[in-house]
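Welcome to the tour. Please open the model in your viewer and keep the selection tool at hand.

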Amino acid sequence: CCSSERLVLRVGFLFFFSYFFFFSSRRRHTRLRRDWSSDVCSSDLGLKVQNSDEFLQSIYPLFNAYFVAQEALASDDFKAFVIAQADLKTTLAVINDESLKNDTLTLWTKISDNMVNATTAYSDIEKARIGFEEMSKAVLELETTFGHTDGNYYEMYCPMAFDLKGASWLQRKETLENPYFGESMLRCGELKKMYDPNGGAE
């Protein structure tokens, strides 16, 4: 009799656990909305701040310089990366942030300082890839804080980067191009999020 009761309790526990896991997974996945007919998903999470169209237009060249740097590393082109990195640093110096006030300006200042720190001169492409991770952290924070105006941006993640520590980056192309390994493992990684253009304050 006791054995039968223990068996019933055990089966009941397993059923409850399976039920809980299934619906927890469903709730987690409903936070992403599916776009097009592919497996690309777009985050429903909103931006941290409201901002002006003027500021968003001002940071467009910053994103562009970053993407050129990302694509250069993915192509193993160190010279092109150095040029893009210099362009990013120059662009940072002329961003029009006059429309930002108080906490919003503080957030931007923190992000831009982190970008400047990531534009150190690198002697070779492997050191550049290490620095690019810090640049990517700042750009991803820029995206999730302020957004952007043009097209879709894609957050990618490579679990094998830097001795399996893993690292993320942002790119403008839908097809994954790994900047941490370049041509040797160009498609290594996965899509984490897709960011829609917000086109200004919401």
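Over which ring does the charged end of Lys192 sit? Select Tyr157: the charged end of Lys192 sits over the ring of Tyr157, 5.5 Å from its centre. Such a charge counts if NZ of Lys or CZ of Arg is within 6 Å of the ring centre and within 35 degrees of the ring normal.

A word on the model: it is predicted, with local features needing pLDDT of at least 70, side-chain atom pairs counting only at pLDDT 80 or more, and totals for chains, interfaces and linings using all residues. Residues are numbered from 1 along each chain as its sequence is written, and side-chain values use heavy atoms, leaving out hydrogens and water.

Now colour by secondary structure to see six helices and five strands (DSSP runs numbered from the N terminus: helices are H or I of at least four residues, strands E of at least two).

Next, show the aromatic side chains, where there are ten aromatic pairs (Phe, Tyr and Trp rings, the six-membered one for Trp, with centres within 6.5 Å; planes under 30 degrees apart are stacked, over 60 edge-to-face, the rest tilted). Select Phe55 and Trp108, an edge-to-face pair with 5.4 Å centre to centre and 80° between the planes. Phe55 belongs to helix α2 and Trp108 to helix α4, so the pair ties together parts 53 residues apart in sequence. Phe55 is buried, at 0% relative accessible area (buried is under 20%, exposed over 50%, partly exposed in between, with a 1.4 Å probe and protein chains only).

Tyr153 lies in strand β3, and both residues are buried.
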